Amino acid sequence: MHEKEHCRSPDRGDAKRRRLQTDTAELDMQSAVERHVLEMRSQCLEEEQAPENYVPPLGKKTLDASDLSTFPLMPATMGFVQGERQVMLLMGDAGSGKTHFLRQLERELWNRYTGPNNPIPILINLPEFIKTAPNLLKQVLKSKGFDKHQIRHLKSNKRQFILLCDRYDESKAQGNIYNSNNFNKTGQWRAKLIFACRSYKLGPGSDGHFRPEDRYSLTKLDLFEKVAMAPFTFREIKCYVQKYLTHSTPRAVHSQPETSLPSESINFWDFRQYMETLVNIPNLIELVGNPYILSFILGLLPDIVVSARDNPRSLVSIGVLYKYVFDHWIEASQRRLFSRVLSEDERMAFDELLESGFPAACMAYLKDLAVDIFKSQKKDINSVHYTFKNDKTTWKAKFFGSEAKTRLIQESVPLTRSGTSYYFIHPSLLDYLYPLVIFDLDVSGEAFTSSDTDGYDSDDVDWGTPDTLSGSSTDPPLAEQALQRGQALESGHVLGVTNIAKRPMAIQILADHVQNNPFFKEQLIETVRQSRNSDGVDQKLAANAMTILVRSGMQFHSADLRSIKINGANLYGGGLDSADLRNSDLTGTILDKCCLSQARLEGARLQRARFGELPFVELIGVPTTSAYSLDGKLYAIGFSNGSITIFDTDNWKPIHSHQESSKSITALAFSPRGELLSFGDRT
């Protein structure tokens, strides 16, 4: 008995020692792992400093949500981190700041890290790890220097991770990464995932690539959340400009071989000058809502404006600014493709595009797209709806189909996507492209048609420099032009594809071109002349020609414009004093602030013409109240003397006037059919 007890004593001691050794090893492992985690924290906080110009971005619930319904993105994302949902999809256009935001989010999470009870944030460049997607976290931890024992320790101790998966759109990911890794299942890794993806990759049904499976959930809680990067508001733009002036080293204009701009230090520019310029150039303040575009536009503005100093019309800088937007965007896209893992067919297509000229191929694609949008879409020209099933045989397929070359170009130009809709990141970019096509016509003399797009080859367009664009607003009247008549633009010319009356950017760029190209100006003048003939040019073409001439500053005082057909033209601010417009077709023209003193308009068609003035009626007495009939055809006015007058709104002539009361009329109301009028007086 004693012998048996004597034999057991060493066993108990060994077990105790082994437990002690195990506990010690566990503590050592825990300590080693935590030291490694803290090293990651220190490295992130020391190396990933926030850019000096960084402005906290705003978010919105969907890509289509109004830019007025925005919210601070960082607090919303921290709410996701602390909540029950497991996957967030961060959507945004190229250049919207997704990567910068994820870096700031990683810093914020590390700043809040106090120990093993807090989640470990890791920013992942997803294309580097996508081949090992089913073992994503294990491979990421190996790349961070953790050995297999430490990785096993992290998993067995159920440490929580926040995986910030950047560049999903470039990763060629297959399937659902969250589900394939079995995150948050029994015995598996505990992790929340935030994916950043450019919006053009997100078509119908794309939520399935991100949404976690919840078939085992008893609460059926939606574990998936989406948020979109919102453009900078005016407030964020002001904040960025202030930081730019405080922290950035001023530099000269970006070097571009096509454009030579005079060098002048931008140290002399202050906050007021930057903001005034951004606001005064049409559409620019909306365009720079994209942080990437804003970042390089600020470096260009001073030199571009200085180059236009001798021209009183500073709007000549628009074309140059937009040219830089496209050049920088496409250049950045090309660099991204060089660093991206491409499939075999994509690599072959990319090599072909490089051989033929990648920037030229992208611009040819864009110009062809602009023409077909204006030509084929009559109502909504700011977006294109494409589905393979319905549109595979239409004009849309060559721009949004699955062919590798088309796909690479589409991803490299400033287009964005929401579901089945594709659109430019700002409508003014489309307005810029349309004049480029017309300039190609002017230079080459050959039409640019939608069939000329095989390989998307195109010659570069020489915009010239802004200081070479000049003009005068004192041209002699049309009837007295000394220049030899040019040849009218033929029907079917691309200028007649769409009415540009409400496309101010396109009008302004074309008007600037008129001042630099007398031949183009003569073509437009003759196009307006030829519209007099019944078999003359297309009326839409003539209307656009007149719109451009008026915007260019050409005066038509005392001009013989009899019988011209320019219905739908925009003649805003035009000089037409004493012009002879008899029998002309001015249907639907915009005549706001147009000088028409002593102009002859006998027989002219003026239906739906807009003069920019409210109806004027001469009244006797003091009006106190008024009311329209439901159909808008009648307008009643009550007076302080108790009388009521009813007008016909077609010609604003009185059709009824009567003394209804001895007291002031205080209220009027028509019956639903407009047959009866009730009134109230001051009784």
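A residue is called buried when its relative accessible area is under 20%, exposed when over 50%, and partly exposed in between (1.4 Å probe, protein chains only). By that definition glutamate 346 is buried, because its relative accessible area is 1%. This is a predicted model, where local features need pLDDT of at least 70 and side-chain atom pairs count only at pLDDT 80 or more, while totals for chains, interfaces and linings use all residues. Residues are numbered from 1 along each chain as its sequence is written, and side-chain values use heavy atoms, leaving out hydrogens and water.

**Salt bridges**

- A salt bridge here is a side-chain nitrogen of Lys or Arg within 4 Å of a carboxyl oxygen of Asp or Glu, and the count by this rule is 27.
- Glutamate 346 pairs with arginine 340 at 3.6 Å, N to O, and arginine 340 is buried too, at a relative accessible area of 5%.
- Glutamate 346 also bridges to arginine 407, with the closest N and O atoms 3.3 Å apart.
- That pair ties together distant parts of the chain, from helix 12 (residues 344-356) to helix 16 (residues 404-410), 61 residues apart.
- Glutamate 602 and arginine 600 form another bridge, with their closest N and O atoms 2.9 Å apart; glutamate 602 is partly exposed at 41%, and so is arginine 600 at 38%.
- Shared partners join Arg340, Asp345, Glu346, Arg407 and Glu411 into one network of salt bridges.

**Positive patch**

- On the surface, Lys138, Lys142, Lys148, Arg152 and Lys155 gather in a patch of positive charge.
- Patch members have over 30% relative accessible area and no salt bridge, with like charges joined within 9 Å.
- Helix 4 (136-143) and helix 5 (148-156) each give two or more residues to the patch, and helix 5 gives the most, with three.
- Lysine 138 belongs to helix 4 and is partly exposed, at 41% relative accessibility.

**Helix 3**

- Helices are DSSP runs (H or I, at least four residues) and strands are E runs of at least two, numbered from the N terminus.
- Helix 3 (residues 98-111) has 14 residues and spans 20 Å from first to last C-alpha, close to the 20 Å expected at 1.5 Å a residue.
- Its buried residues include Phe101, Leu102, Leu105 and Trp110.

**Positive phi outside glycine**

- Lysine 158 has a positive phi of about 55° without being a glycine; lysine 158 sits in the loop between helix 5 and strand 5 (160-166) and is exposed at 56%.
- Glutamine 598 has a positive phi near 60°, lies in the loop between helix 20 (539-551) and strand 11 (623-628), and is exposed at 67%.

Notes: Patch = residues over 30% accessible without salt bridge, like charges linked within 9 Å, V, L, I, M, F, W, Y side chains within 5 Å. Areas by Shrake-Rupley, 256 points an atom, 1.4 Å probe, with all protein chains shown as cover. Lys, Arg positive; Asp, Glu negative; His and termini not counted. Charge placed at Lys NZ, Arg CZ, Asp CG, Glu CD. Expected span 1.5 Å × (residues − 1).
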